Each structure stands twice: as structure tokens, then as C-alpha cells.
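Student: I'm new to this protein and would like to learn how to read it. Could you walk me through it?

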Amino acid sequence: CPCAPSDGAMMDNRFATALVIACVLSLISTIYMAASIGTDFWYEYHTLSPAENISEAGRSIWEEFVSKDADEKTYTDALFRCNGTVGLWRRCITVPKNSHWYSPPETDMTTNCISFSLSDQFVEKYIEPGNHNSGTDLNRTYLWRLQFLLPFVSIGLMCFGALIGLCACACRSLYPAIATGVLHFLAGLCTLGLVGCYVAGIELLHRKLPLPEDVRGEFGWSFCLACVSAPLQFMAAALFIWAARTNRKEFTLLKAYRVA
């Protein structure tokens with residue numbers, strides 16, 4: 001059949017285009033996930049007058065904030081009062097550069113950050129934040145641990161999928177692309193789970209420690225990057241799986257046609 005070579009070429013171009021788009025989506029989602037993990041703007045608190053708040057309380061607020069012994073209530077109160085931001089690995093507050101009790105309020109502000117240690121990521125959360133005798137809040141404890149683990153599982157699955165994709169290129173076969181698609185789909189579920197765990201954890205925390213009247217809280221751009229990454233992973237997974245399955249089906253039909 002004289003049309004067979006052109007049909008085959010068109011089929012190959014179609015699958016190649018799908019794979020290229022899937023690879024681009026996978027790369028973008030990986031970059032977004034890495035950026036969201038490494039930045040500190042998952043949740044932001046906006047205070048009307050942080051300089052005055054710091055001047056009233058002296059240096060004790062940010063000294064307690066950066067202390068290794070600071071409990072959840074201590075650093076959360078500081079986040080409320082000092083335009084705080086929270087990431088998966090760090091928490092930050094904005095304070096005047098000269099925050100002595102005898103100094104007038106300043107407009108020249110600086111941001112101080114403290115990292116969550118590995119033990120902080122697995123520490124128990126209490127029913128009453130800051131009160132160790134109130135019992136363990138299992139919901140918030142496991143939500144906090146999951147929001148720490150899930151992004152790394154997501155990135156690991158995508159990297160493993162990329163490795164399988166490279167092997168597929170070396171073998172000049174689309175069949176391994178199904179595994180790559182499945183891994184990207186699982187990565188998307190992990191990212192979606194991360195977003196859900198973080199939102200649930202923030203909501204439960206604010207039920208225990210309500211926001212003051214002059215403080216406004218909102219999700220930041222780091223959180224938005226993770227939200228965008230999940231659908232990109234699902235779209236990449238769909239393209240990988242579609243290209244592999246459809247190519248296999250059409251190759252089988254073409255082989256049967258030639259045999260006939």
C-alpha cells in the first residue's frame with residue numbers, strides 16, 4: 001500500500017509530539033515542586049503594625065522565636081504579630097533591625113528565619129498547642145509528617161520515571177513509557193495529598209489558635225506552585241500512557257494487516 005509509509009510517519013510524529021509535551025510538562029512540574037519545597041511562602045500572615053508590636057514586647061518575641069526550645073504556640077504567636085511566613089522547612093518573621101524596648105518604631109525591617117530540624121518534622125502536636133499535658137493531637141501530628149514526606153516521594157517518583165524514560169529512549173521503544181506515566185500519576189497523587197494535608201493542617205491549627213483581629217492569613221505563592229504542579233503531573237502521565245498504549249495498539253493492528 002503506497003500510503004503505509006506516510007501513515008506510519010504521521011503516526012510516529014504524533015506520538016513523538018505527545019512525548020515531547022509530556023516531558024516538558026514533567027520538567028516544569030519538577031521545577032515547581034523543587035521551588036515550592038525550597039521556599040518559605042506556603043502560608044503568610046499580614047499584621048497591620050509589626051514594628052509597634054515588636055517595640056512593645058522588646059526583643060523577647062524574636063529571641064523566643066529563634067530559640068531551639070520554642071514550642072508551636074510560641075512561634076505561631078510570633079508569626080501572627082510579625083508578618084510571619086511558613087514553609088515546609090523554615091519559618092520567618094519580619095522585625096525592625098533595632099528592636100530594643102527603648103527604641104522608637106522603625107520602618108527599616110529585616111527578615112529572620114529559623115529552620116525546622118528533622119526532629120521538629122516528626123514531633124508530636126498537642127491538643128492545646130504549647131501545653132504538653134493536653135495529650136497528642138493525632139490528626140495534626142500525622143498531617144504535619146505527611147506534608148514533610150509527600151513532596152520528596154513525589155519528586156522521587158518523577159525522577160525514577162525520568163530514568164525509565166531514558167531507558168525507553170535507549171531501547172527505542174514506547175512500552176516503558178507506560179511505567180513512566182504510572183509513576184507520574186502516583187507523583188501527582190502525592191502532590192495532591194501534600195496540598196490537602198497542608199490545607200487541613202492550617203485549618204486545624206487556626207481552630208486551636210485563632211487569628212487575632214488585626215492579622216490576616218493567606219496561602220502564599222510557594223503553596224500555589226505545588227497546586228499547579230499536581231495537574232501538570234497528571235497531564236504528563238496521561239500523555240505518556242496514551243502514547244504508549246495507542247502506539248502498541250496501532251503497531252499490533254499494522255502487524256496483523258501486513259500478515260493478512
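Predicted model: local features only at pLDDT ≥ 70, side-chain atom pairs only at ≥ 80, totals over all residues.

Student: How many helices and strands does the chain have?

Tutor: There are 8 helices and 5 strands. Along the sequence they follow the pattern α-β-α-α-α-β-β-β-α-α-α-β-α.

Student: Which loop holds N83?

Tutor: N83 sits in the loop between helix 4 (72–81) and strand 2 (85–86). Its phi is positive, about 50 degrees, although N83 is not a glycine. The relative accessible area of N83 is 21%, which makes this residue partly exposed.

Student: Now the strands. What holds a sheet together in general?

Tutor: Strands of a sheet pair through backbone hydrogen bonds, either parallel or antiparallel. In this model, 5 strands form an open sheet in the order 4-3-2-1-5, with antiparallel pairing. Strand 4 (109–115) and strand 5 (215–219) stand at the edges with a single partner strand each, so one side of each has no neighbour in the sheet.

Student: Which elements pack on that sheet, starting with helix 4?

Tutor: Helix 4 packs on the sheet and touches strand 1, strand 2, strand 3 (90–96) and strand 5. The direction of helix 4 makes about 50 degrees with that of strand 3. Helix 7 (177–208) lies across strand 1, strand 2 and strand 5, and runs at about 35 degrees to strand 1.

Student: Can you take me through the strand pairs?

Tutor: Let's go pair by pair. Strand 1 (residues 43–47) and strand 5 pair in the antiparallel sense over 5 bridges, and H46 stands opposite R216 in strand 5. Strand 2 and strand 3 run antiparallel and are joined by 2 bridges; there, T85 has C92 in strand 3 as its bridge partner. A hairpin links strand 2 to strand 3 through 3 residues. Strand 3 is also joined to strand 4, antiparallel, by 7 bridges, and R91 stands opposite I114 in strand 4.

Student: Is strand 3 largely enclosed or left open by the rest of the structure?

Tutor: Largely enclosed, because 6 of its 7 residues are buried. For the chain as a whole, buried residues make up 41% of the 260 residues.

Student: How would I find empty space inside a protein?

Tutor: Rolling a probe the size of a water molecule over the atoms shows where empty space is left. Here there is 1 cavity of 30 Å³ or more, and the largest cavity has a volume of about 200 Å³.

Student: Which residues lie nearest the centre of the largest cavity?

Tutor: Of the 14 residues lining it, E72, W144, G201, I202 and L205 lie nearest the centre. Helix 4, helix 6 (138–171) and helix 7 each supply at least two residues of this lining. By class, the lining of the largest cavity has 9 nonpolar, 3 polar and 2 charged residues.

Student: And what is the volume of the second largest pocket?

Tutor: The second largest pocket has a volume of about 400 Å³. It is lined by 20 residues, with K68, A70, D71, Y75 and D120 the closest to its centre. Helix 4 and strand 4 are the elements that give two or more residues to that lining. By class, the lining of the second largest pocket divides into 7 nonpolar, 5 polar and 8 charged residues.

Note on methods
Residues numbered from 1 in each chain as written. Heavy atoms only, no water. Helix = DSSP H or I, 4+ residues; strand = E, 2+ residues; numbered from the N terminus. Buried < 20%, exposed > 50% of the residue type's maximum accessible area, 1.4 Å probe, protein only. 1 Å grid on protein atoms, 1.4 Å probe; cavity = no way out; pocket = protein on both sides within 12 Å on 5 of 7 lines; lining within 4 Å. Points joined across faces, edges and corners; volume = space filled by probe spheres on them. Nonpolar A, V, L, I, M, F, W, Y, C, P; charged D, E, K, R; others polar. Pairing = 2+ DSSP bridges. Contact = heavy atoms within 4.5 Å. Axes fitted to C-alpha atoms, helices over the stretch in contact; angles between N-to-C directions.
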